[in-house]
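Please walk through the model below, one region at a time.

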Amino acid sequence: MAKRRRQPWLLNTSRVRLLRVNRSFARGTPAGALVLDAGAGHGPYRRLFRHARYEAADFAQLATRYTPLDYVCSLTDIPVEDGRFDRVLCNQVLEHLDDPAGALAEMHRVLAPGGRILLSAPLFYPEHQQPYDYFRYTQFALRRLFTEAGFAEVKVTWLEGYFGTVAFQLEQMHRQLPRGRSLGLRRRMLLGPVLAVTRGAAFVLSGVFARMDLRWKHTASGMPKNYVVRATRPEG
Ligand SMILES: C[S@@+](CC[C@H](N)C(=O)[O-])C[C@H]1O[C@@H](n2cnc3c(N)ncnc32)[C@H](O)[C@@H]1O
């Protein structure tokens, strides 16, 4: 009998949902279409586009593993002709760009008229990939940036529900609340038990909220961790 894989208690619901939205974008991509993964990193969505022709661009400045790159470049200057791609995907990159408007104008340029773009970007996430971390985006900033770059049919939605954001905040509390020597003796005596109980409760509740988020995407209050933008380059 096949062994059941153990699920870790702490779940990153953003990863689950990013895979879902990218899979759905890939399913709407015709066979043989030319796709650009802008800021591809290690290329987590490459395999979803096996039916298409996938190309990857990244500036490759971080000490990390990159998927084979077709273009090592800044997203403000992609070395291809106008309208080359039928689809552009750009996940978790916009916050790292010092010139997001310039990069969106460039993605608009390389997308064929009638082509579609899928982009995800965080609203609520700690600084990462320093020093290349510049912005967080509200839905209004995203709509404005996309519209000003020339995109049409701009739809901005929540990636996770609020429970996913809560699960993430609880996970951060579990990991980041100070412990041990960093507190100093006096504070450790006074605050140590409170912090230890809070860390433990945050661990358990994070798993509970993550599972709730995957079953029920609550968007009526709170905020998402990430937004997703779907847009098209108008014909003509
Ligand atoms: C958080 S990673 C996301 C990678 C991938 N899209 C994913 O979803 O896993 C951000 C990526 O943006 C790239 N990047 C940052 N600034 C860039 C720039 N100005 N031009 C091109 N790529 C850039 C980084 O090298 C990194 O691979």
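**From the loops to the ligand site**

R47 is partly exposed, with a relative accessible area of 45%; the term covers values between buried, under 20%, and exposed, over 50%, calculated with a 1.4 Å probe and protein chains only. Its place is the loop between β1 (34-38) and β2 (53-58). R47 and R23 are separated by 24 residues in sequence, and their C-alpha atoms are 9.7 Å apart in space.

The structure is a predicted model, in which local features need pLDDT of at least 70 and side-chain atom pairs count only at pLDDT 80 or more, while totals for chains, interfaces and linings use all residues. Residues are numbered from 1 along each chain as its sequence is written, and side-chain values use heavy atoms, with hydrogens and water left out.

The protein chain contains 5 helices and 7 strands. Their order along the sequence is α-β-β-β-β-α-β-α-β-α-α-β. Taken along the principal axes, the C-alpha atoms fill a box of roughly 70 × 45 × 35 Å. Of the 236 residues in the chain, 45% are buried.

Several other loops have features to look at. Q92, in the loop between β4 (85-91) and α2 (100-110), has a positive phi of about 60° although it is not a glycine. Q92 is partly exposed, at 25% relative accessible area.

The loop between β5 (111-122) and α3 (139-149) holds P131, and Q129 also lies in the loop between β5 and α3. Q129 is a residue other than glycine with a positive phi, near 45°, and it is partly exposed, with a relative accessible area of 40%. The peptide bond joining Q130 and P131 is cis, with omega about 0°.

Is H218 buried or exposed? H218 counts as buried because its relative accessibility is 15%. Its side chain makes a polar contact of 2.8 Å with the side chain of S221. Such a contact is a pair of N or O atoms within 3.5 Å; within protein, one must be able to donate a hydrogen and the other to accept it, and residues adjacent in sequence count only if both atoms are side-chain atoms.

A ligand nitrogen atom is 3.2 Å from a polar backbone atom of F59, and a ligand nitrogen atom is 3.2 Å from a backbone N or O atom of L75. On its own the ligand has 600 Å² of accessible area, and the protein covers 89% of that, by the Shrake-Rupley method with a 1.4 Å probe.

Note on methods: Helix = DSSP H or I, 4+ residues; strand = E, 2+ residues; numbered from the N terminus.
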